[in-house]
Amino acid sequence: MLPIALYRVDGNSMAPYVSANGYVLINRFSYVFRDPKEGDVVVAKHPKTGRLIVKRISAIQADRYVLRGDNERESTDSRGFGPVTKKMLVGKVWRVLGGN
């Protein structure tokens, strides 16, 4: 597995940071030697659907991470599905490329 991966963003839940049809480069090894921090933008697995989502870590609660979209009106995030574990985090966003 390569440490860097490219993902296309579907939807505006993280606008204006990254908009629909933009791309994010992530580092999949970011959290091997360090813990995630509040404010990190991550790609995570949605706990109910398994679909990959891009969200910001807004809080840390006893080894669980509260994920929020920057555009809260269009975001499905921890307000609906609750905090996620570190195991659900695919990687940290390293760069944003393109978009609307």
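**Pocket, sheet and cores in a predicted model**

Guide: Strand 4 gives the most to the lining of the largest pocket, with 4 residues. The model is a predicted one.

Visitor: Which strands each supply at least two residues of the lining of the largest pocket?

Guide: The lining consists of 17 residues, and those nearest the centre of the pocket are Asp10, Arg51, Leu52, Ile53 and Val54. The strands that each supply at least two lining residues are strand 1 (4–8) and strand 4 (52–60).

Visitor: Which residue in the turn between strand 3 and strand 4 has a positive phi?

Guide: Strand 3 and strand 4 run antiparallel and are joined by 5 bridges. Across this pair, Val42 is opposite Lys55 of strand 4. The two strands form a hairpin with 6 residues between them, and the turn residue with a positive phi, of about 80 degrees, is Gly50.

Visitor: How many residues lie between strand 4 and strand 5 in their hairpin?

Guide: Strand 4 and strand 5 (residues 64–68) are antiparallel, with 4 bridges joining them. Arg56 faces Arg68 in strand 5. In the turn of this hairpin, Ala62 has a positive phi of about 50 degrees, and the number of residues between the strands is 3.

Visitor: Which residue of strand 6 stands opposite Arg64?

Guide: Strand 5 and strand 6 run antiparallel, joined by 2 bridges. The residue of strand 6 opposite Arg64 is Thr85.

Visitor: Which elements give two or more residues to the largest nonpolar core?

Guide: The largest nonpolar core has 11 residues, including Val24, Ile26, Val41, Val43, Val90 and Val93. The elements giving two or more residues to this core are strand 2 (23–27), strand 3 (41–45) and strand 7 (89–97). Another core lies apart from it, and its number of residues is 10, with Tyr31, Val42, Ala44 and Tyr65 among them.

Visitor: With which residues is Val43 in contact, leaving aside its neighbours within four places in sequence?

Guide: Val43 belongs to the largest nonpolar core. With those neighbours left aside, its contacts are Tyr7, Val24, Ile26, Leu52, Ile53, Val54, Met88, Leu89, Val90, Gly91 and Val93.

Visitor: Is Arg73 buried or exposed?

Guide: Arg73 sits in the loop between strand 5 and helix 1. Its C-alpha is 7.7 Å from that of Ser13, although the two are 60 residues apart in sequence. The relative accessible area of Arg73 is 83%, and exposed means over 50%, so Arg73 is exposed.

Visitor: What distance separates the C-alpha atoms of Arg79 and Leu67?

Guide: Arg79 and Leu67 are 12 residues apart along the chain. Their C-alpha atoms are separated by 8.1 Å.

Definitions and conventions. Residues are numbered from 1 along each chain as its sequence is written. This is a predicted model: local features need pLDDT of at least 70, side-chain atom pairs count only at pLDDT 80 or more; totals for chains, interfaces and linings use all residues. Side-chain values use heavy atoms; hydrogens and water are left out. A nonpolar core is a set of buried Ala, Val, Leu, Ile, Met, Phe, Trp, Tyr and Cys residues joined through side-chain atoms within 4.5 Å. Buried means under 20% relative accessible area, exposed over 50%, partly exposed in between (1.4 Å probe, protein chains only). Contact means heavy atoms within 4.5 Å. On a 1 Å grid over the protein atoms alone, a cavity is a set of points where a 1.4 Å probe fits but cannot get out, and a pocket is an open set with protein on both sides within 12 Å along at least five of seven lines; lining residues have an atom within 4 Å of a point. Two strands pair if DSSP finds at least two bridges between them.
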